[in-house]
Amino acid sequence: MKLDPEVLARVQFAFTVTFHIIFPTMSIGLAAFLMVIEGLWLKTKDPVYLEIYRFWMGIFAMGFGVGVVTGIVLSFEFGLGFAKFAQIAGPAIGPSIGLEVLTAFFLEAGFLGIMLFGLKRVGPKLHFFATCMVALGTQISASWILSANSWMQTPDGITIENGRVVVTNWLRVIHNPSWLVRLPHMLMAAFITGSFFVAGVGAWYLLCGKHENFGRRTVSLGLGFATVAVACQLFVGDLLYGRMLHYQPSKMQAAEGFWEEKSASPAPYNWIIVPDQANQRNRFTLATPVLGSLWLTHSLRGRVAGLKNTPRDLQPTMGMVFYGFHVMFTMAILMFFMVAVSLWLRVQKRLFSTRWFLRSLVIMTPAGFIATIAGWYTAETGRQPWVIWGILRTADAVSPVPGGAMLSTLIAFVVIYALFITAFLIFAFRMIRRGPEDAPDHAEASGSLMNALRTQVMDHAATAHPGEGR
Amino acid sequence: MSAAPFSARRAIGVVLATLFGFGFFNALLGVFGLPAAIIALLLFISLAVFIFLRPQTERKQS
């Protein structure tokens with residue numbers, strides 16, 4: 001069997017980046033949530049806020065750690081799988097990644113220790129400042145990475161000399177045409193992810209009938225943040241849609257599942273399609289009439305452009321882009337429904353007692369993660385066949401590495417990341433099952449992984465600090 | 001748990017709330033133009049904050 005290094009390099013990067021994005025999304029969302037919670041605690045001195053802070057700080061710390069480790073791997077993968085990309089685009093991309101380390105990582109590294117271990121060692125205001133700096137660091141980090149990725153989507157401020165990118169205007173490289181819309185889109189996604197995560201865990205406690213004060217407060221706050229963030233996300237998402245329609249029309253043509261140069265008028269909105277790329281048609285379509293014109297052209301009779309507007313050799317694979325976009329959008333609709341219903345239930349004063357809603361919230365706990373991953377699939381698969389839009393094709397960016405080497409590293413990543421996710425899930429579920437009352441004041445070293453996996457250690461930690469800080 | 005019996009008034013309320021929500025959703029998506037989207041966003045957030053800040057009697061049960 002002949003192994004295609006290009007396919008393997010893409011699968012490997014897709015796998016590692018899919019795994020990675022879960023954790024920074026959670027870190028950005030939870031860091032902002034922790035900042036608000038600690039601020040509320042300082043203002044009100046209500047011990048429930050401190051309990052919420054201590055509980056979520058533990059999960060944030062784990063997610064942050066896995067996020068950093070899996071993020072570093074991605075930089076190395078530029079060399080491993082896409083060395084030609086690194087060689088050609090390094091002058092534009094490299095400084096952004098370097099500046100991320102210099103500005104965001106240094107800020108986070110400086111204050112993370114105070115945040116995790118300093119609750120009883122420094123004053124409350126200094127501790128709050130540290131939490132704010134960590135939250136700011138996660139957002140600065142996202143800014144640089146989004147700037148680099150947005151430059152790959154909408155490159156600007158460069159010329160090509162001797163087959164290499166030469167920067168002519170740094171400001172335009174960083175502040176490229178899609179960055180200032182994609183950045184808030186990603187930040188909102190992170191806030192929504194964190195909010196639904198928090199609300200889902202709180203809803204689970206309420207359904208189980210334990211930690212009710214904690215559960216009510218987290219459901220209330222989580223849904224409060226989610227309500228604002230989901231509304232902002234719909235607004236920003238539409239702005240981004242318009243921007244991408246202008247700069248990357250083939251991506252949006254594929255995302256909507258139309259083939260013909262102009263759709264019927266009024267255009268339907270496609271929910272499910274079975275695309276046939278070879279024959280440039282859909283074998284099956286499930287759609288709602290008129291809604292396509294309304295949502296995509298903002299008129300009742302507007303026509304939607306299809307993928308045949310793009311030459312075949314420059315078309316992305318419709319199925320991947322379409323389902324990436326539609327999973328994200330469907331999640332957005334469900335999340336909007338949830339926050340709208342939460343407002344109604346709040347008015348009715350039934351938010352914490354409507355069991356079907358609490359069950360739905362538990363089911364929606366991973367909704368933000370799913371939407372974020374689907375959104376990134378849309379962004380990345382929709383950019384194909386380019387790795388840098390209009391400048392460098394993905395096929396030309398791959399390292400001259402044998403397929404076997406690429407496959408062996410892919411297997412290694414799958415095995416190692418499976419261990420990571422298993423460990424994260426075991427500890428996260430254990431912390432959630434254990435509940436907020438036993439959460440320690442600060443992160444604790446257990447000595448070894450074996451010790452950490454022993455329940456007794458957790459039980460000991462819980463009994464060693466009875467009632468502290470409450 | 002809410003166990004209120006089904007009534008025409010309640011059904012009308014559900015339909016109106018759904019239409020209201022669908023209208024907001026479309027406005028936020030920019031269907032009625034950018035100025036309407038900005039107004040809808042501000043209205044929605046104001047409404048959410050207003051409802052959020054109302055006292056919740058359920059909290060007193062704890």
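Predicted model: local features only at pLDDT ≥ 70, side-chain atom pairs only at ≥ 80, totals over all residues.
1. Residues are numbered from 1 along each chain as its sequence is written, chains are lettered from A in the order in which they are written, and side-chain values use heavy atoms, without hydrogens and water.

2. Contact means heavy atoms within 4.5 Å. Chain A brings 29 residues to the contact, and chain B brings 29 residues. About 3,000 Å² is buried between them, 70% of it from carbon and sulfur atoms. Buried area is the accessible area (1.4 Å probe) that two parts lose on being put together, summed over both. In chain A, Phe235(A), Phe336(A) and Lys349(A) lose the most area to chain B, together 22% of what that side buries.

3. Three residue pairs are in polar contact between chain A and chain B, both residues at pLDDT 80 or more. A polar contact is a pair of N or O atoms within 3.5 Å; within protein, one must be able to donate a hydrogen and the other to accept it, and residues adjacent in sequence count only if both atoms are side-chain atoms.

4. Away from that topic, Ser250(A) is buried, with a relative accessible area of 3% (buried is under 20%, 1.4 Å probe, protein chains only). Ser250(A) touches Leu307(A), Thr310(A), Leu314(A), Pro316(A) and Trp389(A), not counting residues up to four places away in sequence.

Conventions. Buried < 20%, exposed > 50% of the residue type's maximum accessible area, 1.4 Å probe, protein only.
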